[in-house]
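Visitor: I have a model open and would like to learn how to read it. Please take me through it feature by feature.

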Amino acid sequence: MDREGAGVDIGGATAPVVAVVGVVGTLLSALLTQRAADHSRRREQERTEQVRERRRHAQELRACYVALNTSARQYLAALTDQLHALGREEERRVVRQRLAEARDQYRDVYAQAQMRVPERVLGLAGDLNRDLGVVYGMVRRLDDGVPRAGDTRAAVQTGIDAQWGRLRRMRCEMRADLGASRADSGR
């Protein structure tokens, strides 16, 4: 009888242990599910923040590109106006002022771009900046009546035309960097 009594005692003790293990398992399962859900939410929030940061960066870069393109165009237009105003005293003062303002604006935008744009765009912008300075120097010396050898209206016009070409190449690179050229290829 001892064997049967012992068997009953073990069987009677097993049921509560199984019940406790079941409850603990259920509670642990709920806890693990909650931790997994929390981890998933944190990962999703991190991904969302990364997407926001990339968008913000892209918007800032786009704004920088727009400002650089716009200011370079205005600078080139002002150089062209100054070239056409040479010899017309009544126009020169107003056009000279516009050129000074366009140049100052361009220099400010270019300085900001130097800190933001990728190297391949910065290289093109640097070349444009240097050559705009050369053209500016020629047109100013002509305007002041102290030209150097090679400073002619034709040389200034050739320089301006070349800078429009540089600006187009730079704009194409900026558009490619922003993904605009990919959008064009689907049309």
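Guide: We will go through helix packing, salt bridges, aromatic pairs and a few distances.

Guide: This is a predicted model, in which local features need pLDDT of at least 70, side-chain atom pairs count only at pLDDT 80 or more, and totals for chains, interfaces and linings use all residues. Residues are numbered from 1 along each chain as its sequence is written, and side-chain values use heavy atoms, with hydrogens and water left out.

Visitor: How are two packed helices described?

Guide: By the angle between their axes and the distance between the axes. Axes are lines fitted to C-alpha atoms, for helices over the stretch in contact, and angles run from 0 to 180 degrees between N-to-C directions. Helices are DSSP runs (H or I, at least four residues), numbered from the N terminus.

Visitor: At what angle do H3 and H4 pack?

Guide: About 160°, with 9 Å between the axes. H3 covers residues 119–144 and H4 covers residues 153–178. That angle makes H3 roughly antiparallel to H4. The cut-offs are under 35 degrees for roughly parallel, over 145 for roughly antiparallel and 65 to 115 for roughly perpendicular, with the rest oblique.

Visitor: Is the crossing of H3 and H4 left-handed or right-handed?

Guide: H3 passes H4 in a left-handed crossing. Left-handed means that the near helix is turned anticlockwise from the far one by less than a right angle; clockwise is right-handed.

Visitor: Which kinds of residue make the contact of H3 with H4?

Guide: The contact holds 15 nonpolar, two polar and nine charged residues. Here Ala, Val, Leu, Ile, Met, Phe, Trp, Tyr, Cys and Pro count as nonpolar, Asp, Glu, Lys and Arg as charged, and the others, Gly among them, as polar.

Visitor: How do I read a salt bridge?

Guide: Side chains of opposite charge can pair when their charged atoms come close. The rule asks for a side-chain nitrogen of Lys or Arg within 4 Å of a carboxyl oxygen of Asp or Glu.

Visitor: How many salt bridges does this rule give?

Guide: The count is 19. Start with Glu 173 and Arg 120, whose closest N and O atoms are 2.8 Å apart. Glu 173 lies in H4 and Arg 120 in H3, so this pair ties together parts 53 residues apart in sequence.

Visitor: Which residues are linked in a network of salt bridges?

Guide: Glu 53, Arg 56, Glu 60 and Arg 116.

Visitor: How many aromatic pairs are there?

Guide: Three are found in the whole structure. Rings of Phe, Tyr and Trp (its six-membered ring) pair if their centres lie within 6.5 Å; planes under 30 degrees apart are stacked, over 60 edge-to-face, and the rest tilted.

Guide: Tyr 75 and Tyr 136 are a tilted pair, because their planes stand at 55°, with ring centres 6.5 Å apart. The pair links Tyr 75 in H1 to Tyr 136 in H3, 61 residues apart. Tyr 75 is buried at 3% relative accessibility, and Tyr 136 is buried at 14%.

Visitor: Are Tyr 106 and Tyr 110 stacked or tilted?

Guide: They are stacked, 6.0 Å centre to centre with 15° between the planes. Both sit in H2 (residues 89–114), four residues apart, about one helical turn. Tyr 106 and Tyr 110 are buried. Tyr 75, Tyr 106, Tyr 110 and Tyr 136 form one aromatic cluster.

Visitor: How far apart in space are Arg 62 and Ala 78?

Guide: They are 24 Å apart, C-alpha to C-alpha, and 16 residues apart in sequence. Arg 62 lies in H1 and is exposed at 51%.

Guide: Now take Arg 98, in H2. Its C-alpha is 25 Å from that of Gly 150, 52 residues away along the chain.

Methods
Helix = DSSP H or I, 4+ residues; strand = E, 2+ residues; numbered from the N terminus. Buried < 20%, exposed > 50% of the residue type's maximum accessible area, 1.4 Å probe, protein only.
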